[in-house]
Amino acid sequence: MVNNRNVPVLLSLADIAATDAFAAHIVRELKPGDVIGLSGDLGMGKTVLARSIIRLLATTYEVSVPDIPSPTFSIVQQYDFPPFSVFHIDLYRVNNAKDTLELGIEDIFASEVSLIEWPERLGLYLPADHLHLTLLPGDHDNDRILQIDKFGSWQNRDLGFAING
């Protein structure tokens, strides 16, 4: 039985290399149907983290992904890998949670992997079983504090990182 109580973990990300190292732990755990929410103020690094995950998947599966644009204006970018497709979704410009249904999120959540920037805009459509990553300002310009909230099956997954903070 899955314990539904979340205990947030804080992780210090000193630079892009630390973000890439954390992303590698995520990539090892991904499976079809996974939902990862990426929260934080503008400029905190949500897109940087999503790009790192996508780039590492491309390397792992030897798939060419020459460009990983921000989906701010397109809202959704799709990347196909052998075990699943990854949908990088940016909900910044979505004002009504119901509008997200037009994106086909129910099908994406059922069988693909989704990296969702501004997941709080999904409201009740955000699956209970998800990993929620919140990027917060660190002590210096380029470092971040990552708050990790694991819900549902994510609580039983070992992301393999050293806990600090």
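Residues 24 or more positions apart supply 65% of the contacts with a separation of 6 or more in the protein chain; contact means heavy atoms within 4.5 Å. This is a predicted model: local features need pLDDT of at least 70, side-chain atom pairs count only at pLDDT 80 or more, and totals for chains, interfaces and linings use all residues. Residues are numbered from 1 along each chain as its sequence is written, and side-chain values use heavy atoms, with hydrogens and water left out.

**Fold and dimensions**
- The protein chain has 3 helices and 7 strands, taken as DSSP runs (helices H or I, at least four residues; strands E, at least two) and numbered from the N terminus.
- Their order along the sequence is β-α-β-α-β-β-α-β-β-β.
- The radius of gyration is 15 Å, which agrees with the value near 15 Å for a compact globule of 165 residues; it is taken over C-alpha atoms, and the globule rule is 2.2 Å times the number of residues to the power 0.38.
- Along the principal axes, the C-alpha atoms fill a box of roughly 40 × 40 × 30 Å.

**Burial**
- Of the 165 residues, 45% count as buried, meaning under 20% relative accessible area (1.4 Å probe, protein chains only).

**Arg 157**
- Arg 157 sits in the segment after strand E7 (144–150).
- Arg 157 counts as buried because its relative accessibility is 9%.
- A polar atom of the Arg 157 side chain lies 2.9 Å from the backbone oxygen of Glu 29.
- Leaving aside neighbours within four places in sequence, Arg 157 is in contact with Glu 29, Lys 31, Asp 34 and Lys 150.

Terms used: Buried < 20%, exposed > 50% of the residue type's maximum accessible area, 1.4 Å probe, protein only. Polar contact = N/O pair within 3.5 Å; in protein donor to acceptor, adjacent residues only side chain to side chain.
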